[in-house]
Amino acid sequence: MEKHVSRKLFAAAILAASALAAPAASAQNAYVIGYITDLSGPLADSYTPTWQGFELYMKALNDRGGINGKKVEVILDDDGLKADRAVANAKKQTERDNVVGIFGLSLSSTQAPVFTEMRKIGVPVVTTFSGILDALPPSKPFSYSTGVVFEVAGEAIGELTKNIKPNGKIVGMTFDSVGGRAALSHNKRMAESLGYTWDEVLFPVTTSDFTPFAQAVAEKKPDIVVGHYGSGQNLGVIPALRRSGYTGPYIVASYGVTEDTVRQAAVRAGNDENVYYVTRYATIYDNNPGIAEVSAAQKKYGTSKPFSSMHLTGWTLGKFAETALKACGWPCTREQLDKVIQTLKVDAPGLTGGPIEMSPQDHYGPTYWRLYVWNPKTTSMEPKSGWLKKAALKFPLQ
Amino acid sequence: MTDILLQVRQLEVVYHRVATAVQGVSLEVPKGSIVALVGTNGAGKTTTLRAISGFLPSEDAEITDGDITYGDRRINGQLPHQMARAGVILVPERDKVFGTLSVEDNLEFAARGGGEITLERVLGYFPLLTQRKSQLAGYLSGGEKQMLAIGMALLCRPTLLLIDELSLGLAPIVIKDLMALLHRISKELGLTVLLVEQNANAALAIADFGYVMEGGRVVFYGKASELISHPDVREFYLGGAAQSETKSYRDIKQYRRKRRWWG
Amino acid sequence: MEFAATIVILTCTYALLAAGTVILYKAGRVVNFAHGELAIVGGYVFYSAGLMSGGTSLWFPVAGAVVFSIIMGMFIYMAMMRRLVGEPFYVAILVTVGIGIVLKSAILVIWRAERLTIDVGVTPAIRMAGGATLSYMDIASVVLTVAFFAGLYLFFRFTRLGVQFRGTAENALLASQRGVDVNFVLSLAWVIAILAASLSGVLYGGRAFLSTESVTIGLAGLTAALVGGLDSLRGAVAGAFIVACAQYLTVRLVDPVLSEAVPFLLLVIVMSIRPWGLFGTQEELDRV
């Protein structure tokens, strides 16, 4: 029931979107790519704006005349954060829509099977968030990521904590999931190597009342608390922590957490001045031409979700797709597309701390991370550090 | 000519769309009278009564043929509460009071404001209930339950009172008192009563008219006094033969065969 | 101190849900599996009504939630449950499961599965030793829950309609024969149950957030009702308290990750020792 409703809804949305974006495009005369993500499941809050950023980029691109004179047609499918639906969508896109590559994707649970299936038939897949390590060195063929990988984020956050307090006790929080545990363990490794003491509290994935967990955290008397999860959890955890008497610094790890979520959470927690935000992509409050360009496109084409860092993530992925398709030439085959992505370098000034650089051995590349702090007076975020460069981690770790 | 309050014509009731419970039942209840409907267990008396007072949708019972006329209204297929509000009140055979409610709450449940039947008047008929007021109805004795049930029914301001098995499970002395009381109440309040009874003796003693049912049909009817003296009725339903000598099994079978079917 | 407060507030959330489950069971022998969904949708309606009125007054969202409960209660009973009387009990249960799925889709379609928080009275009202605070909403949730149960008690005990309600729950046929419109009473049961659920949803939205996942509070509420005994309002409160304690103590003393499983573990234990629940009547088992 639920699937049908949302599927119809989004089918209508795709029709509308493709009608707007590429009125003259046809399968023979356009680059056809697939986009699969969670638009109706538990993480739709994060993935919808990411898709919208990608869509904005494609609209602007097609309005400019497309690539090599060809428009780009995007086939959008909703996986509802369900693995079987994600795989079915990917098969449909490769068999019926004949896409050259697939972009987007939601969590590890949907990525892993899609990566595996597409590898079999040689379709490159580029994800934003990545819960699994296929893209990290030693990278597996056809699997790429331009987003946040938990392990790398965990380390980056551990390092950036120095900009808040040089020592003390960090309590990490996450929900009980593979990705959450991975982020936590890497954060812990880095924090301990920098001389912090570490403790952690995990809660079930479906939790929505965080009070008991927040009280458990407050009782540990932390100096800094880090939350490795999505929007909803932050929305619940931050006020719950403050209610439980913990008023110290709290770091939001940006796994699809929007600025608006941070604002809401900070407002709920009583105009909190101690909420930090670590992100791989810039925030919408940054003042630079790169952000201004996305913002202008957002104003021009409109998005249903409030403008956020997630739109910047999607936009950058759009730029990545454009660069790849351009290098691929016309006609573009899957093999050719994969080949060019392997050595692709995409610069997204203002949106990231440095270029996205792929190599045949490393399908993730170096990433750049930055610490921001929420300012309730200006209701915006201010950078508290420069961009920290992290090389892609090599697995297995020692 | 007597004023007929309730008329049942050619009634047929089917349960669960397959089981025919009564067939071709016709009866008349004149205004102000007490009519007894007697017959053995399973004869279709209760079904007839229930058809008059209305079925709940959940009972999956349907009047498939015939008419029930109350006053000048055809009332086939009305819901119980609609009939209750029209003044047709049934005292059922089982589950006649709310066992989890106190006696007082049971009476309050039923009470409809206005009218000449007040709580005081009802308690006047059943003084025992006053003492039991705060007790749970589930803990009352059989006779007390019956009193409470009639009291509740009276507080619903009935025009036509339908009583299913007043005597069931009660001691003979209690039955006698209750029947006498019912007669008195009926006359004092001008109530019309349709009484369904297995205990035909007790019922016909206070009734003006009687109907005898068997196997889903009416087999005898007439004035109560006539029925009491009718030899077949006496033999089959009143527990005694007109003649003193006992008959053989074969003779009884013959009587059965000879019986006329009405309706 | 704060742990006691948390348990009490959690108890309130679950007790309101369990009370609705008990009322529906008593009135119509229906176990409602859509209760969590009804609660959360009630919260969403409250939020949207507040948004529509510009968030200036509480009356509009409250009226919105009440109207939602009345319409939803009448609709579920008159359009669905009424037609199922006489069917095997599991048919009604399956229908409620279906209602739950439809409501969840409604959250997706109407509110786009957006996580919403109801920010009414979230400012601290009481500061406890150690810096923990209780908001006005927290206090309101206790006050409103107590008021709801007191109101329910007075209604059932002292009003004619309440007495008719109890009578109908015991014997619908006799109630109908005594002039009570059973359909009205059973619709009312749904309305009251959904009203309690909506209140619970609003309080939950103030404390945590509303989302498609938060419908799982319905399971905690159902567990509370089952633990307490499906036909006992006292049991609903006791069951809610037990579930809340079990959940909270698991988080604090055992392993936070287990807290979701605890209510079910509890359910299994109670069901195997005392299948009719702590305050339930044993005979009720035969009816199901």
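Chain B is divided into domain 1 (4-87 + 159-258) and domain 2 (98-157), with bounds from an automatic or database domain assignment. This is a predicted model: local features need pLDDT of at least 70, side-chain atom pairs count only at pLDDT 80 or more, and totals for chains, interfaces and linings use all residues. Residues are numbered from 1 along each chain as its sequence is written, while chains are lettered from A and ligands numbered from 1 in the order in which they are written.

**The two domains of chain B**

- The centres of domain 1 and domain 2 of chain B, taken over C-alpha atoms, are separated by 25 Å.
- Eleven residues of domain 1 of chain B and eight residues of domain 2 of chain B form the contact. Two residues are in contact if their C-beta atoms, placed from the backbone, lie within 7 Å.
- On the domain 1 side, helix H7 (residues 172-189) of chain B gives the most, with five residues. Helices (H or I, at least four residues) and strands (E, at least two) are DSSP runs, numbered from the N terminus.
- That side of domain 1 of chain B has nine nonpolar, two polar and no charged residues. Ala, Val, Leu, Ile, Met, Phe, Trp, Tyr, Cys and Pro count as nonpolar; Asp, Glu, Lys and Arg count as charged; the others, Gly among them, count as polar.

**How the chains meet**

- Two pairs of chains are in contact, and chains A and C share the most contacts.
- Chain A puts 34 residues in contact with 37 residues of chain C.
- At least two residues each on the chain A side come from helix H1 (2-21), helix H2 (44-63), strand S7 (197-203), helix H7 (211-219), helix H8 (231-243) and helix H9 (259-268) of chain A.
- By class, this side of chain A has 14 nonpolar, 14 polar and six charged residues.
- Between chains B and C, the contact takes 25 residues from chain B and 19 residues from chain C.
- On the chain B side, helix H2 (80-85) and H3 of chain B are the elements that give two or more residues.
- The side of chain B that touches chain C has 13 nonpolar, five polar and seven charged residues.
- No contact joins chain A and chain B; their closest C-alpha atoms lie 30 Å apart.

**Helix H3 of chain B**

- Six of the eight residues of helix H3 (residues 103-110) of chain B are buried, so it is largely enclosed by the rest of the structure. A residue is buried if 20 or more other C-beta atoms lie within 10 Å of its own, exposed if 12 or fewer, and partly exposed in between, with C-beta atoms placed from the backbone.
- The buried residues of H3(B) include Val103(B), Leu107(B) and Phe109(B).
- These buried residues of H3(B) pack against helix H4 (119-125), helix H5 (127-131) and helix H6 (142-155) of chain B, together with helix H6 (160-170) of chain C.

**The nonpolar core**

- The largest nonpolar core has 310 residues, and Val217(A), Leu162(B) and Leu195(B) have the most contacts inside it. Such a core is a set of buried Ala, Val, Leu, Ile, Met, Phe, Trp, Tyr and Cys residues joined through C-beta atoms within 7 Å.
- Helix H8 (residues 182-207) of chain C supplies the largest share of this core, 17 residues.
- Contacts of Val217(A) beyond four places in sequence include Val171(A), Met173(A) and Tyr246(A).

**Chain C**

- Chain C holds twelve helices and two strands.
- A compact globule of 288 residues would have a radius of gyration near 19 Å, and chain C agrees, with 19 Å. This radius is taken over C-alpha atoms; the globule rule is 2.2 Å times the number of residues to the power 0.38.
- Of its 288 residues, 57% count as buried.

**Backbone and confidence**

- Most residues other than glycine have a negative phi, and most peptide bonds are trans.
- A cis peptide bond joins Pro137(A) and Pro138(A), with omega about 0°. Another joins Trp330(A) and Pro331(A), with omega about -5°.
- His16(B) has a positive phi near 50° and counts as exposed, with 11 C-beta neighbours inside 10 Å.
- Glu165(B) has a positive phi of about 55° but is buried, with 23 other C-beta atoms within 10 Å.
- Chain B has a mean pLDDT (the predictor's confidence in each residue, from 0 to 100) of 85, and 89% of its residues reach 70 or more.
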